[in-house]
2 protein chains.
Amino acid sequence: MTQRVCFQLRINPDLADEYKERHANVWPEMLSALSETGWRNYSLFLGSDGLLTGYLECDDFETSVRRMGETAINEKWQASMAKFFVGLDGGAPDGAMAPLEEVFHLD
Amino acid sequence: MTQRVCFQLRINPDLADEYKERHANVWPEMLSALSETGWRNYSLFLGSDGLLTGYLECDDFETSVRRMGETAINEKWQASMAKFFVGLDGGAPDGAMAPLEEVFHLD
């Protein structure tokens, strides 16, 4: 069964251009690790205020987050991304991906 | 080609329960009209602060919004939903669905 997940994070809007540039060139090893740990149809959308919305499909989000968190490449990626995020109280962004409640779906 | 769209609206969080109830029972004619006007894999996610995030796939979002806006059932639905939305300056919610910028995608 497919689980659809939407989560929100916040980046510093002053760094939006650099954030976009980095995400236009995500390391191939990072992309492979995401696929291998079950992240499918994964998109990130950025608002002008810095609100970042993620959408993905997976079998089980908790499992995919945990498995991704166990990869060495993710640790490197998150460390290199830490400066963009605000309001995370020093925690890693991937630990702050609380899924929103799905209230409607139409295939 | 598939366009992935993410948009955000805001509802009154005091009415969240009623909003969810309505969306658990969307009129069948409304669902058919969405499908017929090209709305695919369409989900709505609701945050506790009332921020509503929509995600869908379509061929062309502007066309799908316009075609949906021409249906009689949509007019009835939007009128019945108007009370939930805040910050729309009196406009219809479907006219305020400004797509966010997609900054990353992995199939």
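Predicted model: local features only at pLDDT ≥ 70, side-chain atom pairs only at ≥ 80, totals over all residues.
**View 1. Where chain A meets chain B.** The contact between the chains takes 26 residues from chain A and 26 residues from chain B; two residues are in contact if their C-beta atoms, placed from the backbone, lie within 7 Å. On the side of chain A that touches chain B, the elements giving two or more residues are β1 (3–10), α1 (16–24), α2 (28–36), β2 (40–46), β3 (51–58) and β4 (101–106) of chain A. Residues are numbered from 1 along each chain as its sequence is written, and chains are lettered from A and ligands numbered from 1 in the order in which they are written.

View 2. Follow the order β1(A)-β3(A)-β2(A)-β4(B) to trace an open sheet of 4 strands with antiparallel pairing; two strands pair if DSSP finds at least two bridges between them. β1 of chain A and β4 of chain B stand at the edges, each with a single partner strand, so one side of each has no neighbour in the sheet. Within the sheet, β1(A) and β3(A) pair over 8 bridges, and A:Phe7 stands opposite A:Gly54 in β3(A).

**View 3. Strand β2 of chain B and its partners.** Antiparallel to β2(B) runs β4(A), joined to it by 5 bridges, and A:Glu101 stands opposite B:Leu46. β2(B) is also joined to β3(B) by 5 bridges, where B:Leu46 has B:Leu52 as its bridge partner. These two strands of chain B form a hairpin with 4 residues between them, and B:Gly50 in the turn has a positive phi of about 95°. B:Asn41, found in strand β2 of chain B, has a phi near 45°, a positive value in a residue other than glycine.

**View 4. The largest nonpolar core.** This core has 40 residues, and those with the most contacts inside it are A:Cys6, A:Ile11, B:Cys6 and B:Ile11. A nonpolar core is a set of buried Ala, Val, Leu, Ile, Met, Phe, Trp, Tyr and Cys residues joined through C-beta atoms within 7 Å. Leaving aside neighbours within four places in sequence, the contacts of B:Ile11 include B:Tyr19, B:Leu52 and B:Phe84.

**View 5. The two faces of helix α3 of chain B.** In α3(B), B:Ser64, B:Val65 and B:Met68 are buried. A residue is buried if 20 or more other C-beta atoms lie within 10 Å of its own, exposed if 12 or fewer, and partly exposed in between, with C-beta atoms placed from the backbone. On the face turned away from the buried side sit the exposed residues B:Glu62 and B:Arg66. The buried residues of α3(B) are covered by elements including α2 (28–36), β3 and α4 (72–81) of chain B.
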